[in-house]
Amino acid sequence: MQISRIYSNKDDLFHPIDFNFGKHADRLNVIFGDVKKPKDKKRDSHNLGKTTLLHLIEFLMLKGTAPEQFLVKHQDRFAGYQFFIEVALN
């Protein structure tokens with residue numbers, strides 16, 4: 001089983017993420033934090049959403065929620081969002 005795509009009903013705000021899968025699975029999927037303005041101390045490789053994406057994947061794979069999970073903690077920000085995951089099977 002391989003994740004092939006993660007997307008939402010609001011693709012203008014949460015852009016779809018396409019993963020390498022199937023015949024292209026010989027390439028590594030990487031979450032890369034690209035710092036565009038290195039002199040701006042407020043914009044470093046932290047706080048770009050890398051860990052949040054992992055928490056979203058865990059949620060979509062039915063891990064469950066906890067009070068500190070971002071979708072629970074910030075329900076007001078994610079009201080109206082529907083997240084989807086596509087999984088490729090062998």
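## The second largest pocket

In this predicted model, local features need pLDDT of at least 70 and side-chain atom pairs count only at pLDDT 80 or more, while totals for chains, interfaces and linings use all residues. Residues are numbered from 1 along each chain as its sequence is written, and side-chain values use heavy atoms, with hydrogens and water left out.

The second largest pocket is lined by Thr52, His55, Glu58, Phe59, Lys63, Gly64, Thr65, Ala66, Glu68, Gln69 and Phe70. A pocket here is an open set of points on a 1 Å grid over the protein atoms alone, where a 1.4 Å probe fits, with protein on both sides within 12 Å along at least five of seven lines, and a lining residue has an atom within 4 Å of a point. The volume of the second largest pocket is about 180 Å³, counted as the space filled by probe spheres set on the points. Its lining divides into 3 nonpolar, 5 polar and 3 charged residues, where Asp, Glu, Lys and Arg count as charged and Gly is among the polar ones. Helix H1 gives the most to this lining, with 4 residues; a helix is a DSSP run (H or I) of at least four residues, and a strand is a run (E) of at least two.

Phe70, one of the lining residues, touches Thr52, His55, Leu56 and Phe78, not counting residues up to four places away in sequence; touching means heavy atoms within 4.5 Å.

## The largest pocket

The largest pocket holds about 410 Å³ of space. Of the 18 residues that line this pocket, Phe14, Leu48, Gly49, Lys50 and Leu53 are the closest to its centre. The lining consists of 12 nonpolar, 4 polar and 2 charged residues, and H1 again gives the most, with 4 residues.

## The nonpolar core

Ile6, Phe14, Phe19, Leu53, Leu56, Ile57, Leu60, Phe70, Leu71 and Phe83 make up the largest nonpolar core, which has 10 residues. Such a core joins buried Ala, Val, Leu, Ile, Met, Phe, Trp, Tyr and Cys residues through side-chain atoms within 4.5 Å, with buried meaning under 20% relative accessible area (1.4 Å probe, protein chains only). Helices H1 (50–60) and H2 (70–73) each supply at least two of its residues, and the largest share, 4 residues, comes from H1.

## The sheet

An open sheet is formed by 3 strands in the order S2-S1-S3, with antiparallel pairing. Strands S2 (17–18) and S3 (83–88) stand at the edges with a single partner strand each, so one side of each is left without a neighbour in the sheet. Two strands pair if DSSP finds at least two bridges between them; S1 (residues 2–8) and S3 pair over 6 bridges, and Tyr7 has Phe84 in S3 as its bridge partner.

Key
Buried means under 20% relative accessible area, exposed over 50%, partly exposed in between (1.4 Å probe, protein chains only).
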